[in-house]
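Reader: Before we discuss the terms used for this chain, could you show me the sequence and the model?

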Amino acid sequence: IARPGLLDAQREENRLGEEIGLMFSRLANPLLPKRWRSVKVANLARVMLQAALEAKAGVHVLESEQFQS
């Protein structure tokens with residue numbers, strides 16, 4: 001189960017509230033705890049792929065802070 005925070009990515013459609021939240025998040029990221037920071041989709045994909053390839057048995061939860069870096 002992946003539980004990222006706000007995804008930092010470009011969308012085809014415009015969502016005003018999301019754009020405002022993302023602008024704020026990009027400015028505030030250095031001050032926020034990792035759990036609340038926006039997540040770049042490339043990091044999300046990399047971590048999810050790595051977790052899938054490791055294929056450990058059972059249910060695993062990937063929290064937002066694991067997608068930072």
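**Terms and values**

Author: Of the contacts in the chain with a separation of 6 or more, 65% are between residues 24 or more positions apart, where contact means heavy atoms within 4.5 Å. This is a predicted model, in which local features need pLDDT of at least 70 and side-chain atom pairs count only at pLDDT 80 or more, while totals for chains, interfaces and linings use all residues. Residues are numbered from 1 along each chain as its sequence is written, and side-chain values use heavy atoms, with hydrogens and water left out.

Reader: What makes up the order of elements in the chain from the N terminus on?

Author: The elements run β-β-α-β-α-β, with two helices and four strands in the chain; helices (H or I, at least four residues) and strands (E, at least two) are DSSP runs, numbered from the N terminus.

Reader: Why is Glu63 called buried?

Author: Glu63 has a relative accessible area of 18%, and buried means under 20%, exposed over 50%, and partly exposed in between, with a 1.4 Å probe and protein chains only; Glu63 is therefore buried. Glu63 lies in strand S4 and, leaving aside its neighbours within four places in sequence, is in contact with Arg3 and Arg35.

Reader: What makes the pairing of the Glu63 and Arg3 side chains a polar contact?

Author: The side chains of Glu63 and Arg3 are joined at 3.3 Å, and a polar contact is a pair of N or O atoms within 3.5 Å, of which, within protein, one must be able to donate a hydrogen and the other to accept it, residues adjacent in sequence counting only if both atoms are side-chain atoms.

Reader: Why is Asn29 called buried?

Author: The relative accessible area of Asn29 is 16%, so Asn29 is buried. Asn29 is found in the loop between H1 and strand S3 (39-40), where its contacts, apart from neighbours within four places in sequence, are with Arg37 and Ser38.

Reader: Why are Lys56 and Ala55 called exposed?

Author: Lys56 has a relative accessible area of 57%, and Ala55 likewise has 57%, so each is exposed. Lys56 is placed in the loop between helix H2 (41-54) and strand S4 (62-63), as is Ala55, in the loop between H2 and S4. Phi of Ala55 is near 45 degrees, a positive value in a residue other than glycine. Most residues other than glycine have a negative phi.

Reader: How do you know that the span of helix H1 agrees with its number of residues?

Author: The expected span of a helix is 1.5 Å times one less than its number of residues, so the 13 residues of H1 (residues 16-28) should span 18 Å, and the end C-alpha atoms are 18 Å apart, which agrees.

Reader: Which residues of H1 are buried, and how do you know that they are on the same side of H1?

Author: Leu22, Ser25 and Ala28 are buried in H1. They cover an arc of only 135 degrees around the axis, which puts them on the same side of H1; the arc is that of the directions from the helix axis to the C-beta atoms. Leu16, Met23, Phe24 and Leu27 are exposed on the other side of H1, and what covers the buried residues includes strand S2 (7-8).
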